[in-house]
Amino acid sequence: MPVHLTWWLLRPVELMEHCRRRYGDRFTLKLPLQRHAVFFATPAAVRDLFTGSPDALHAGEANVVLEPIVGRTSILLLDGERHVRQRRLLMPPFHGERMLAYVASMCEATRRAMADVVPGRPTPVQPIAQRITLDVILETVLGVEDPSDRTSLGQLLTELLARSAHPLLLVPALRLERLPWTAAAQGVRLLQEVDRRLYAFIEAREVRGTREGSDVLAMLLEARDEHGMPMSRVELRDALMTLLLAGHETTATTLAWAFGHLVAHPDALARAHEEVDRVFDGDRLEPARVAQLTWIDAIVRETLRLRPVLPVVGRVTKTPVVVDGTELPAGVMAVPCIYLVHRHPDVWPRPERFDPERFLNHKPSPYEYLPFGGGARRCLGMAFALQEARVVLATMLRQWTVRPVPGHRTRVERRSITLAPAEGMPVLFERRDASRRAYA
């Protein structure tokens, strides 16, 4: 396999940093079996790509590698009017008062997962956070309340993600899905079982009705486009799969990175404990008080700056375009490089330093800070993800503190299109002394 492709798949951070040092804020990677990718690492270039004509810059086409799992009608793969329609249908559940209704589920899922933690034992954060966020997304999206249903479907989705995480599966020619013993073939069988369960949920919900439901599936079943048409069964399946997969592992990864920063910065951790003690009422977090978690929010946002879960997004040029003075022909992949923009020294003083203070009195532009993409393609679940990360982190820190595992060195590993901490970010959890908590 060619060197650049191997480097991009297995050591993407090192490759991006190497290319910036050698070539500057614009460079091209020629990846066999894929389009030539022109990387851009300045806010000006990001602005041009995020505000450019959606007819000239196709984001859905850039995400085609995700089609085997999320489906061809997923909002991630659509462009043009089809994307606009799907986005309008999906938007209502993730805005306004509905967001506050999810706080109780987030807190309860966190307490359930943390009940199994053994104090003082090295414990990877990622699997715990993934269990929490998966429980939350199953309850809020599908309305799954039965613990056994939540466990069985959660296990299926977790195994599917694990089978799909290997970087080599991003190259279609290397999937070898027809060989029954390969990870890709096993993933296909798992996907078929997940699909069976999802279609059963859709059918059962249609029979039961949606009046009493506040979950996303109920709202999607009632949604109609401008012509009065509902979503098809396939569209519902693809929307649910997109929300289930994109809506839980990414937040879990952010939480794992956040704990890695906190164990390395005791002052930031102590300040987080002070804030949660002030905001919580006993061990209860009132939904209306989530907005008071300003330091927790700053930790989450700074974590997303330093460790964006998605290092890049893409736009396929359909016509010639100019990006920050660079002329691109049709048919190339223009890549706003989130990772490098977030560490640009002209934008972020001392960019390698973990400093949540950056986000307390400063709101960066959407072209300087873009962990959820941007423009008309910005992640629909951004508000949900930020709220969940705040609530889960605060709930964990209300009852637990953390210390580093002696000798552990943090490494980055690629999990499909995301960048996660290797080994799940192990830390030492310790229970906080309840008598020393300053109850609000």
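## A guided tour of selected helices

At 6% relative accessibility, threonine 254 falls under the 20% limit and therefore counts as buried. The model is a predicted one, and this residue is the starting point of the tour.

**Stop 1: threonine 254.** Select threonine 254 and display the helix that holds it, α12. Which residues does threonine 254 contact, once its neighbours within four places in sequence are left aside? They are Val300, Thr303, Leu304 and Val309.

**Stop 2: α12 against α7.** Two packed helices are described by the angle between their axes and the distance between the axes. To view the contact itself, select Val125, Gln126, Ala129, Gln130 and Thr133 in α7; they meet Glu249, Thr251, Ala252, Thr253, Leu255, Ala256 and Phe259 in α12. Coloured by class, this contact of α7 with α12 shows 6 nonpolar, 5 polar and 1 charged residues.

**Stop 3: α11.** Proceed to helix α11, residues 233-246. Its 14 residues reach 20 Å from the first C-alpha to the last, close to the 20 Å expected at 1.5 Å a residue. Is α11 largely enclosed or largely open? Of its 14 residues, 11 are buried, so α11 is largely enclosed by the rest of the structure. The buried set includes the charged-class residues Glu235, Arg237 and Asp238, and also Leu236, Ala239, Leu240, Met241, Thr242, Leu243, Leu244 and Leu245.

**Stop 4: α6 against α16.** Select helix α6 (residues 103-114) together with helix α16 (residues 382-399). Their axes come within 9 Å and cross at roughly 45°; α6 and α16 are therefore oblique to each other. The crossing of this pair is right-handed. On the α6 side, display Val103, Met106, Cys107, Thr110, Arg111 and Met114, which meet Phe384, Gln387, Glu388, Val391, Val392, Thr395 and Met396 of α16. By class, the contact of α6 with α16 comprises 8 nonpolar, 3 polar and 2 charged residues.

**Stop 5: arginine 163.** Finish at arginine 163, in helix α8 (residues 147-164). With a relative accessibility of 31%, arginine 163 counts as partly exposed. How far is arginine 163 from threonine 28, in sequence and in space? A C-alpha to C-alpha distance label between them reads 30 Å, and the two are 135 residues apart in sequence.

Note on methods: Residues are numbered from 1 along each chain as its sequence is written. This is a predicted model: local features need pLDDT of at least 70, side-chain atom pairs count only at pLDDT 80 or more; totals for chains, interfaces and linings use all residues. Side-chain values use heavy atoms; hydrogens and water are left out. Contact means heavy atoms within 4.5 Å. Helices (H or I, at least four residues) and strands (E, at least two) are DSSP runs, numbered from the N terminus. The expected span of a helix is 1.5 Å times one less than its number of residues. Buried means under 20% relative accessible area, exposed over 50%, partly exposed in between (1.4 Å probe, protein chains only). Axes are lines fitted to C-alpha atoms, for helices over the stretch in contact, and angles run from 0 to 180 degrees between N-to-C directions. Angles under 35 degrees count as roughly parallel, over 145 as roughly antiparallel, 65 to 115 as roughly perpendicular and the rest as oblique. A crossing is left-handed if the near helix is turned anticlockwise from the far one by less than a right angle, and right-handed if clockwise.
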